[in-house]
Amino acid sequence: MSNNDFNSLMPLMVLAGASVLVMLLIVARLSHRIIQLASLLLFVIAFASLLNIREMLPYQVGSLFMVDSFGAFMIGLIIFSGLVVNVFSYIYFQEKEEGPREYYVLLFLCTLGACVLAVSNHFVSAFLGLEILTVGLYALIAYLRKRNHSIEAGIKYLVLAAFSSAFLLFGMALVYLQTGTMSFAGMAHVVATANVQPFLLIGLGFMLVGLGFKLAVVPFHMWTADVYQGAPVPVTAFIATASKGGVVAALLRFFVAIDGFRSEQLQMVMIAIAIASMIVGNLLALRQKNIKRLLAYSSIAHLGYLLVAFIPGSAVVPQAVSFYLLTYFTTTFAAFGVITILSRAESDAEELEHYKALFWKHPALAGILSVAMFSLAGIPLTAGFTGKFYVLTTGIGQGFWLLAVVLVLSSVVGLYYYLRVITTMFAGTRDLLPEPPARYPVFLGISMVVLSVLTFALIWLGIYPDAVIGVVQGLQLK
Amino acid sequence: MLMDKYLWLIPALPLGGFFILALIGKNMSRTWVATVGAGSICLSALVTFVVGGAFLSGMPENTVYTQTLWTWFEVGEFSAKITLSLDVLSLVFVFVITFIGALIHIYSTAFMEADRDYARFFASMNLFVFSMLVLVLADNLLLMYLGWEGVGLCSYLLIGFWYEQPTNGNAARKAFTVTRIGDAAMAIGLFMVFQQAGTLVVSDIGANASVIWQPNSATVTITALLLLAGGLGKSAQLPLQTWLPDAMAGPSPVSALIHAATMVTAGVYLVARMHTIFALSETARLVVAIIGAATLLLAGLTALTQYDIKRVLAYSTISQIGYMFLALGVGAWTAAVFHFMIHAFFKALLFLAAGAIIESLHHEHNMFKMGGLKDKMPVVFWTFLAGAISLAAVPLISAGFYSKDQILWYSWSADGGSPVLWAVALAGALITATYTTRMMILTFWGESHTHIGHLPGKRMTVPLVVLAVFSVFAGFIELPHNFGHFTLFSDFLHPVLPETAMQENIPSEWLFQLLAALATLGGIFLGYYYYYQQPARIASLRQNGLLVRLYRFWFSGWAFDALYDRMLVRPFVFIARINKSDITDKLYTGISGMTGEMYKLLSRTQSGSLRWYIMGLVVGAILILGIQIML
Amino acid sequence: MKTSVSAEVVVLLAGLLFALGIVGVIIRKNIVFMLLSVEIMLNASGLAFVAAGSRWGQPDGQVMFVFILAMAAAEVSIGLALILQIYHQHKSLDIDNLKEMNG
Amino acid sequence: MMLVLLITVLMAGAVVAVLAGEWNRNFPRWIALVACVIGLLLVITLWAGTGHSVADSQWLMDYRKEWIPSFGITFHLAVDGLSLLLLALTFFLGVLAVLCSWDEIRERTGFYYFNLLWILAGVAGVFMAMDLFLFYFFWEVMLIPMYFLIGIWGSENRVYAAYKFFIFTQASGLLMFLAILGLYFIHGRDTGTYTFGYFELVNTVIPFKTAFWLMSGFMIAFAVKLPVFPFHTWLPDAHGEAPTAGSLILAGLLLKTGAYGMLRFVVPLFPEAVKEMAVPAMVLGVVGVIYGAVMAYSQTDLKRLVAFTSVSHMGFVITGIFALNELALQGVVMQLVTHALSTGALFLMAGMIKERLHTRDIEQMGGLWSPMPRMGSVGLVFAMASLGLPGLGNFVAEFLILLGVFQAQAWITVAAASGLIFSAVYSLRIVGKIFLGPRKTMETVPDFSPREMLIMAALTVSVVWLGLFPQPVIDTAKPAITELVRFMDVQNTASHDQSYVK
């Protein structure tokens, strides 16, 4: 394994190492606080390690990995998400009865899995990444085992995930049977030369089922709400962002490799999925009273929007997708961050009722949450708008008017429930939430700082996105 | 010397009065209010005499005083200037407005003495005089329209002057709305004029009318009729006459000034002003004549049946204006204007006198409750009598005779005239005489029913006397062709209004005058017979069911109100009411409701059962494979 | 000396197994059996991999199979842990009792 | 630079206000007032500076800066006579809005004035933006604060109204955004330069069918804002529930952005399609005129009533716009200004009455002239204005519109003229129900306070002034309008190489 190989995979190495390290720290019976800070540091290191691979992009590692600028960007995004989740975790878990320490190990592993997905260039690596991610998530979702909701969520996720993995694997097998190779590059070659073969299509179909489940797009979306609700808030945030990000990256890489956009069967399927997701997602959230479920449904819709940028298969697709993910991640974290801070030992702050009059009690938190909501709704001045703009241009640029129109109309429906959240926050005069904990001023401070940074980023991306767009337009994937 | 640079003073003085009273009137003493209110009009009258005198003295043929104050607005080829222009026609109107206006204002200073809103009254009156002056002095139709709407507003304000009474408010609203219908049509008329003539300046239109329009072409007829519609509204002619009787809700001086002397004749002025257009359309002129004739008959018969003295006068006003329209219709322009002036004198007089009576009878309007005032209120009696004989057109000794006789004569002999019109007019004369006599007798003779309060003071009686003099003697400035043939007035108007075109070979004028005189005397006799000599006969007539029904029908003003109520008002209100909560909104509430339903439906799929979710997955897989195998 | 069973046939068999697994997952109410059926599906895909690998005469198929086994094992272990919790809380393994979150 | 200043002064003022609000309840209103006054002065100087020497070029001032070059988006502001008028209006009403909220708003003043100023900033931006992306950006910027304004400081049914307002405008806005993107790509394909710049896009040649669809995209957004029947139903609710200043700004400014959008974008961008759609659009306008009037007559809630009168008046606007001749268009501009004043005044009056009687139900009022003669006479003036009495601004506007429409479609005018009658019916009903008749309530109600007197006097004077001396307004708008008309005539000769703006 050459030095360059080593360097190029440095982030992954760091993450893997970090998980081990944290285990050792746990063995050393160090306090939650130490471990939290340590893992924070480790995330930072992992993130930093991205910097020194910038000039060597794109770089092929064996046949398994392809570290190109797009992959690097996604890794950065995922590690960043891990970092943010890590920050939010302390306050959330400190009060819980379970020992919070092992949590960090799993967090690292999941991040690792997502990152592996992002750069995988081969069925094996993709499969490995996916499973590292998924298996880790089983544990994370059910982490607070005393709460029966989290157990229920855990088992549901476990059975369904395994079930869909089986589809994925079977699909892979069929594709392999047809093409005789498991590396994307090889497949690309075969697909390009040979004419369309039945097994290949069916295999791809099966794979779509598996991946569709991970992305929680209609009709594989039903688990989302329950898992979002049952899982601990930081974990929910992680599922909403990192895990989906990794899968999207892998899917995009695979599609670009085998040029799946050209097969109108696949395109038809994708379009159907996209439209269904946009409509169903927004409708399901319409009168949802539980904000975690509401965000779950809105995430379904947003993945639908993402597909609008995905389907055209033009050169701008990677840019659009990565930019949209960036905005979506930022927004989601802002929202879940607020929820985390408002959550209590006994229960999460998930009932919308409890957010009444938040505006007058905690203007800062309420403000952040409203910005997040506006961003999710895609109102100008926020990142969400720029993201949606990018998506629409990508779609319309290739003349996918139907998708664009559906996006617009469904997001009007979406408007209603995002506004509902905000309205609740300034309706009424007394709030039902206890004061936020004054007990961990340090971590509360850190979390607030992160939140304000995120909010700032949201508005900055909304008002002056050019710098970031410039970065994104530099991305390409081999 | 040219006085045209002072022209603007005539309307400006009343306007100034209005501003003073409107802004600080509340804090002024009554004497001051009276001084400002009446004084402004008197001054304006004075200026009118000066300017008018200069105008007449230094008058070669067709001179016109014009004074452009500023450009109102100018867009593309359209331009409207604020320009006053004084010619003989407008001079007549300005004279009537300012002179009679001044008298009425003086009268009002006493009449409204007791009223709480003294200042508001005079403010509105001044504003009215201003608007009316703008109306008649305007050199273009748009500025005229400004005055036109302005007088409408003032009439609204003054009819509803005692606003606590809901009925007054409604009367005011009715007056404004009904006239507004005419105004809307008139506005369209202006658009047509501009589209065809490219200007709204009256003199230009007049000069080029024959070039712009084909005689008797459809366009000119439509244009003329649209303008006419405006006139019908303001002048309370068929079919827009219903507002005027209700307008009597206003104080009597208001009725005298606005609803007898000036505003209601604006229609006459408009048609006379635009005679060049009407001259080009036979049809339009015929319509004018017919409407005039019909109105004068209908209103006269209604006046016969009223018991409220002011309503009698109101209907008689409608009927008299009907005469003027008849005259205009047959092309006797000058006769119309002449009758306008005479009518302004005696009708203002009658209203003021009636006001005095009502005042001293504690706001009693019902003639049957009056009676026997002949000796108790001599001044009022004699002046009222002067007005009455003029209204009834008693031969030779009344101004009304000369003006009306002219119209009767032209209604046959002018080229637009016809025996039928003449017959109607003649019948009208008879009826007029009858109801006038009835009114006189009921009010002044017989024994009194109501105790009399204080008698009118000098400030009220003097105007009465002045007007009485005018309404008796003013007629002599225009004598029939066959005796005297003294045509000062019509000559005076000829620079603006053309000679009346006559038919050939018509019976001698004497005959007409004889018949007219007979009709008048006959009418007087009827009234005298039924209401003085044999009042019992009335009772016997009351027995006849048919007559009673006819009486009721006439009394209701030929049921026009009921008709409009059923045809227009109620349907409108009904539609408005049922649609109060906007039907179109249902569309959107429907959409949102639908999405709500879909939400319910979908949220059922989120049953929470794992096996259901798995089913979902499987179905999804089957669908995908299905799509792929289909394609 | 290898018997020539064409890969397609084996894949067909795998497909049957896979379907069997699906049916199992759907019809069984007991969580343990559901997990079992999922395992069957996983193994079916494993078999498919092996067949494919043999068709192309590559080891990759077997490699995948090993990975699948490992992953299945991990899954089952976590699964059983959860199942214990569930039994602890609900005193039953009937999946239909787990419907507290919905809507 | 000055144009940027106009927006920044408001936005900065907003931020300062919200910060000062934490400190003392009374600071924000002063800050807001100062901000608006400064803006007003700036506009006036700008106006005075250009004077009537507007004639040579349509554009008076221009500010351009790269914003998102990767998408050809520039931060491009420019002002011509039309924009200038509407800007002046914006700041004038801004001042009045602050003044009329002076005592009405007692809670959360900081946030309140923040929203108020933010709306004004958005409106000002809309009137100046010369880049379609930027335009849409400002278009949306107006909404959020208005949503808060209605949703937080509104009356009983405020939340519903806020939703309705936001969703209506947002939905239509998004459709417009799609149209903008479509235009962007068509122009990009044809010329190879992808840009949102107005001056580039305005000369795009579009196949008719596409043009039609894109135009409908724009139209629906503007039609909802204007509002055109049948997209008007958000208006009564929004107006009814909003606080007084909110109604004032809604009626005075937000509605105008719709008309402005049609004049500035729809007509120049899609000339053929516009000509094609002219008659249907005018018919819709007339329907709006009559429907609004009838609805207004049936209402008992004063603010809803006035809201429907706006629907009626705005019907004249769209009719006039699609008449596409100078007379009508000048009338439209006039109508935008005068309607803002008259309807704004009526809303202010409704607010003042509500402060005194605590009701908006006109059945509860009556006979208010005797205790409040001043308000009575002012109310009368504005009732007369809304029925188009000559001598007041609205008459000039409606006369010009009808005159222009008559040149284009005589029959439409005839139908629209019936609006004159209906407007009389409802306006007199307002006066009658509120001021005339017997007193319903016997509690003493004070007449105008000096502050209210100041506000109303300002409005009355301006509406009378516009009625007698409208020429300055007309001259200011003239270059823009004539240019537009010239362009349409050029289009008549069907030669596309003509450019709309130099």
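**Figure 1. Contacts of Val425(D) in the predicted model.** Leaving aside residues up to four places away in sequence, Val425(D) touches Thr177(B) and Tyr297(D); two residues are in contact if their C-beta atoms, placed from the backbone, lie within 7 Å. The model is predicted: local features need pLDDT of at least 70, side-chain atom pairs count only at pLDDT 80 or more, and totals for chains, interfaces and linings use all residues. Residues are numbered from 1 along each chain as its sequence is written, while chains are lettered from A and ligands numbered from 1 in the order in which they are written. Val425(D) belongs to helix H16 (residues 410-434) of chain D. Helices (H or I, at least four residues) and strands (E, at least two) are DSSP runs, numbered from the N terminus. Val425(D) counts as buried because it has 21 C-beta neighbours inside 10 Å. A residue is buried if 20 or more other C-beta atoms lie within 10 Å of its own, exposed if 12 or fewer, and partly exposed in between, with C-beta atoms placed from the backbone. From Val425(D) to Ala238(D) the C-alpha to C-alpha distance is 24 Å, and the two are 187 residues apart in sequence.

**Figure 2. The side of chain B that touches chain D.** Contacts link 36 residues of chain B with 38 residues of chain D. At least two residues each on the chain B side come from strand S1 (65-75), helix H5 (141-159), helix H6 (166-197), helix H25 (560-578) and helix H26 (583-605). H6(B) gives the largest share, 13 residues. By residue type, this side of chain B has 18 nonpolar, nine polar and nine charged residues. Ala, Val, Leu, Ile, Met, Phe, Trp, Tyr, Cys and Pro count as nonpolar, Asp, Glu, Lys and Arg as charged, and the others, Gly among them, as polar.

**Figure 3. Surroundings of Phe270(D).** Phe270(D) sits in the loop between helix H10 (244-269) and helix H11 (271-298) of chain D. With 26 other C-beta atoms within 10 Å, Phe270(D) is buried. Not counting residues up to four places away in sequence, Phe270(D) touches Ile206(D), Ala211(D), Leu214(D) and Met215(D). Ile73(D), 197 residues apart from Phe270(D) along the chain, has its C-alpha atom 21 Å from that of Phe270(D).

**Figure 4. Helix H16 of chain A.** H16(A), residues 363-377, has 15 residues and reaches 20 Å from its first C-alpha to its last. This is close to the 21 Å expected at 1.5 Å a residue, the expected span being 1.5 Å times one less than the number of residues. Twelve of the 15 residues are buried, so H16(A) is largely enclosed by the rest of the structure. Among the buried residues are Leu365(A), Ile368(A), Leu369(A), Met373(A) and Phe374(A). Just after H16(A), Gly378(A) adopts a positive phi of about 80°.

Figure 5. An unreviewed UniProt entry lists residues 6-27, 32-52 and 64-84 of chain C under "transmembrane region". UniProt positions are given in the numbering used here, feature names are shortened, and annotations may be inferred rather than shown by experiment. Residues 6-27 of chain C are 95% helix and 0% strand, with end C-alpha atoms 32 Å apart. For residues 64-84 of chain C the values are 100% helix and 0% strand, and the end C-alpha atoms are 30 Å apart.
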